[in-house]
Amino acid sequence: MKPKRTASEITGMGAAVPEKVLTNFELAKMVDTSDEWIRSRTGIRERRIAEDNETTSEYGHRAARVALDQAGLSPKDLDLIIVGTVTPDMCFPSTACFIQEKLGAVNAAAFDVNAACAGFIYSLSLADGMIAAGQYKNILILGAELLSRITNWQDRSTCILFGDGAGAAVLQPSQGDRGIVKTYIRSDGRLNHLLKMPGGGTIFPPGQEAHNGECFIQMEGREVFRHAVNCMGEAATKIIEENGFTGDEISLVIPHQANIRIIEAVAKRLDVPNERVYINVDRFGNTSSASIPIALHEAQQRGLINRNDLVLLVGFGGGFTWGSALIRF
Ligand code: ACO
């Protein structure tokens with residue numbers, strides 16, 4: 001298909017993950033589970049866990065530095081910082097403001113986006129739109145999470161899934177037909193009860209919740225699984241078809257890394273062979289909004305993204321929220 005003009009392109013990417021590795025074997029000493037059960041149901045072998053004294057913004061800051069270096073920008077060049085996160089340093093100020101402070105990005109506006117695991121795609125969509133509108137030129141977007149902080153380490157049905165980390169990208173006006181071809185975001189608030197962390201807001205204010213598990217991730221695993229496959233499948237096929245492409249033209253799919261079975265079911269629907277689907281859930285588990293940018297950066301570092309490649313991002317998370325993005329590199 002004839003390439004069309006784009007508004008923005010990714011000029012830098014970065015990621016940062018904790019050094020500490022928590023393997024399935026170690027988890028099996030904490031709850032009644034096994035490496036075999038976790039691997040066969042989720043594809044996860046290990047995940048990274050931050051130290052107790054570390055924060056989401058520290059990992060976001062590290063990822064941002066790598067992305068800025070690659071883009072050849074200084075923090076003072078930034079007009080805007082958008083952070084997708086459900087594990088902010090504090091309810092407010094935003095984690096974006098903490099990252100702004102750490103970077104010394106004194107000329108930027110900064111805010112967080114709460115779209116759970118779809119947070120990076122939502123941030124990308126926003127940033128692309130703002131560049132298209134001519135409002136900003138240099139935008140830093142991140143997905144940054146310390147999910148270990150809101151994980152119930154006694155609940156074997158959830159604690160096996162999650163990990164910590166951050167990923168970042170710099171968006172700038174594109175020079176032609178490479179860049180963000182299209183983004184697509186959706187949500188369905190009717191399903192808000194299936195995946196949530198209820199505590200800390202106005203329903204369960206801080207101080208009242210701690211004993212009842214309201215400050216931990218709560219999830220209806222099977223329902224989440226079913227909707228994740230449907231919604232990611234829809235977001236991926238829609239964006240490919242509506243922009244006149246076919247599955248064959250996609251060089252690499254970077255799906256939200258929640259569960260290998262979800263990823264494989266989505267890939268099957270797209271008719272894209274498994275070797276063109278990037279997977280690192282085995283090493284990092286589900287890092288929510290950070291999972292797509294960590295995978296994107298890793299794929300780039302491994303030389304899997306070449307000039308003119310068409311890359312598809314697709315994500316899904318609590319809300320429910322979901323979305324996709326097509327990027328010509
Ligand atoms: N180890 C051993 N047994 C376990 C474990 C465990 N860690 N967890 C649950 N079980 C048991 C259950 O107790 C149950 O036992 P029972 O039959 O005696 O009652 C049995 O295993 C089956 O439990 P299910 O919950 O039905 O297992 P399922 O096959 O659905 O797998 C899983 C659970 C892996 C959580 C799956 O539902 C899933 O991946 N869902 C998607 C959830 C997800 O990815 N959420 C992330 C957030 S959303 C996102 O990022 C897309």
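This is a predicted model: local features need pLDDT of at least 70, side-chain atom pairs count only at pLDDT 80 or more; totals for chains, interfaces and linings use all residues.
User: What makes the protein chain a two-part structure, and where do domain 1 and domain 2 lie?

Analyst: The domain assignment gives domain 1 as residues 8–176 and domain 2 as residues 180–328. Their centres, taken over C-alpha atoms, are separated by 14 Å. The contact draws 51 residues from domain 1 and 46 residues from domain 2.

User: How do you know what area is buried between domain 1 and domain 2?

Analyst: The size of an interface is often given as the accessible area lost when the parts come together. For domain 1 and domain 2 that area is about 3,700 Å², with carbon and sulfur atoms giving 66% of it.

User: Which polar interactions does the rule find across the interface of domain 1 and domain 2, and how many salt bridges?

Analyst: It finds 19 residue pairs in polar contact, both residues being at pLDDT 80 or more. The number of salt bridges across the interface is zero.

User: Which element supplies the largest share of the side of domain 1 that touches domain 2?

Analyst: Helix H5 (119–132) is among the elements that each supply at least two residues, as are strand S1 (8–16) and helix H3 (56–71). The largest share, seven residues, comes from H5. By class, this side of domain 1 has 24 nonpolar, 18 polar and nine charged residues.

User: Why is Asp155 called partly exposed, and what does its side chain contact?

Analyst: Asp155 has 26% relative accessibility, so it counts as partly exposed. Asp155 lies in the loop between S6 and H6. Its side chain makes a polar contact with the side chain of Ser157 at 2.8 Å, and the cut-off for such a contact is 3.5 Å.

User: How do you know that Glu223 and Arg226 form a salt bridge, and how are they placed in helix H7?

Analyst: The closest N and O atoms of Glu223 and Arg226 are 2.9 Å apart, and the cut-off is 4 Å. Both residues lie in helix H7 (residues 221–242), three residues apart, about one turn of the helix. Glu223, at 29% relative accessibility, counts as partly exposed, and Arg226 is partly exposed with 43%.

User: What separates Glu242 and Lys238 along helix H7, and why is Glu242 called exposed?

Analyst: Because they are four residues apart in helix H7, Glu242 and Lys238 are separated by about one helical turn. They form a salt bridge whose closest N and O atoms are 3.1 Å apart. Glu242 has a relative accessible area of 60%, so it is exposed, whereas Lys238, with 28%, is partly exposed.

How values were computed: Residues are numbered from 1 along each chain as its sequence is written. Side-chain values use heavy atoms; hydrogens and water are left out. Domain bounds come from an automatic or database domain assignment. Contact means heavy atoms within 4.5 Å. Buried area is the accessible area (1.4 Å probe) that two parts lose on being put together, summed over both. A salt bridge is a side-chain nitrogen of Lys or Arg within 4 Å of a carboxyl oxygen of Asp or Glu. A polar contact is a pair of N or O atoms within 3.5 Å; within protein, one must be able to donate a hydrogen and the other to accept it, and residues adjacent in sequence count only if both atoms are side-chain atoms. Ala, Val, Leu, Ile, Met, Phe, Trp, Tyr, Cys and Pro count as nonpolar, Asp, Glu, Lys and Arg as charged, and the others, Gly among them, as polar. Buried means under 20% relative accessible area, exposed over 50%, partly exposed in between (1.4 Å probe, protein chains only).
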